[in-house]
Amino acid sequence: MVAEAGAISTDVAWTQLMIALDQRMLAALELAPQRAADKELNAFAADVARRHEAEVVRLRELLQATGAPETNPHEGHDMPGMITKENLALLATKSGTAFDTMLAESLRAHFEQCRMLAGSEQSAGADPAVKALAASVQSTRQTDLDHLTTLTGPR
């Protein structure tokens, strides 16, 4: 089945990693409605969350098409660009401006890492569908970075 889908280990690894990154960020974004002070940042967080939820669905579809197991080898790992479980717990204790600042920093790191990983997938991947999603992720994350900078200023 993997050969039929045209996937190689790079495609599978990128897909699994993106699922892990997006899911952890979704946990942070879920806190925004109750904790964010900045209404524009809150609206942006809700938009990012909606798009990440749809992206996780697509990533899972692509992973399933490769025949790779549904298990997540990145579960419990903290990787660059991923909000750590400790920082997620700390974020959950914050509100107002302190929350906004920490969420913005977490989003910036997430967007930058996802953009870089998507570029790597486009260079090293083989599956056209996975590479197409990576191109979309790379473009979207750059747009998100630009929007975040407009909302919060450069870091």
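Colleague: How do α2 and α7 cross, and within what distance do their axes come?

Modeller: In this predicted model, the axes of helix α2 (residues 9-29) and helix α7 (residues 128-152) come within 11 Å and cross at roughly 40°. Axes here are lines fitted to C-alpha atoms, for helices over the stretch in contact, with angles from 0 to 180 degrees between N-to-C directions. Helices are DSSP runs (H or I, at least four residues), numbered from the N terminus.

Colleague: Parallel or oblique, then?

Modeller: α2 and α7 are oblique to each other. The naming goes like this: under 35 degrees is roughly parallel, over 145 roughly antiparallel, 65 to 115 roughly perpendicular, and the rest oblique. The crossing of α2 and α7 is left-handed, meaning the near helix is turned anticlockwise from the far one by less than a right angle.

Colleague: Which residues meet there?

Modeller: From α2 you have D11, W14, T15, M18 and D22, and they meet V130, L133, A134, V137 and R141 of α7. Contact means heavy atoms within 4.5 Å. That contact divides into six nonpolar, one polar and three charged residues. Nonpolar covers Ala, Val, Leu, Ile, Met, Phe, Trp, Tyr, Cys and Pro; charged covers Asp, Glu, Lys and Arg; the others, Gly among them, are polar.

Colleague: And what about α2 with α4?

Modeller: Their axes come within 9 Å and cross at roughly 150°, so α2 is roughly antiparallel to α4. This crossing is left-handed. The residues in the contact of α2 with α4 divide into 13 nonpolar, five polar and four charged.

Colleague: How do the axes of α2 and α6 cross?

Modeller: At roughly 170°, with the axes coming within 11 Å. That makes α2 roughly antiparallel to α6. The residues making the contact include W14, L21 and L29 of α2 and F99, L107 and L117 of α6. It splits into 14 nonpolar, three polar and three charged residues.

Colleague: Switching topic: how many residues does the largest nonpolar core have?

Modeller: It has 24, and those with the most contacts inside it are L29, F44, L91, L103 and L107. α2, α4 (39-66), α5 (85-91), α6 (96-124) and α7 are the elements that give two or more residues to it. A nonpolar core is a set of buried Ala, Val, Leu, Ile, Met, Phe, Trp, Tyr and Cys residues joined through side-chain atoms within 4.5 Å. There's also a second, separate core of 20 residues, which includes V12, A20, L59 and L117.

Colleague: What does L91 touch?

Modeller: Leaving aside neighbours within four places in sequence, L91 is in contact with A28, L31, R35, I83, F99, M102 and L103.

Colleague: Is E55 buried or exposed?

Modeller: Buried, with a relative accessible area of 11%. The cut-offs are under 20% for buried, over 50% for exposed and partly exposed in between (1.4 Å probe, protein chains only). E55 is found in helix α4 and, leaving aside neighbours within four places in sequence, is in contact with M18, D22, V137 and R141.

Colleague: And where is D38?

Modeller: D38 lies in the loop between α3 (32-35) and α4, and at 30% relative accessibility counts as partly exposed.

Notes
Residues numbered from 1 in each chain as written. Predicted model: local features only at pLDDT ≥ 70, side-chain atom pairs only at ≥ 80, totals over all residues. Heavy atoms only, no water.
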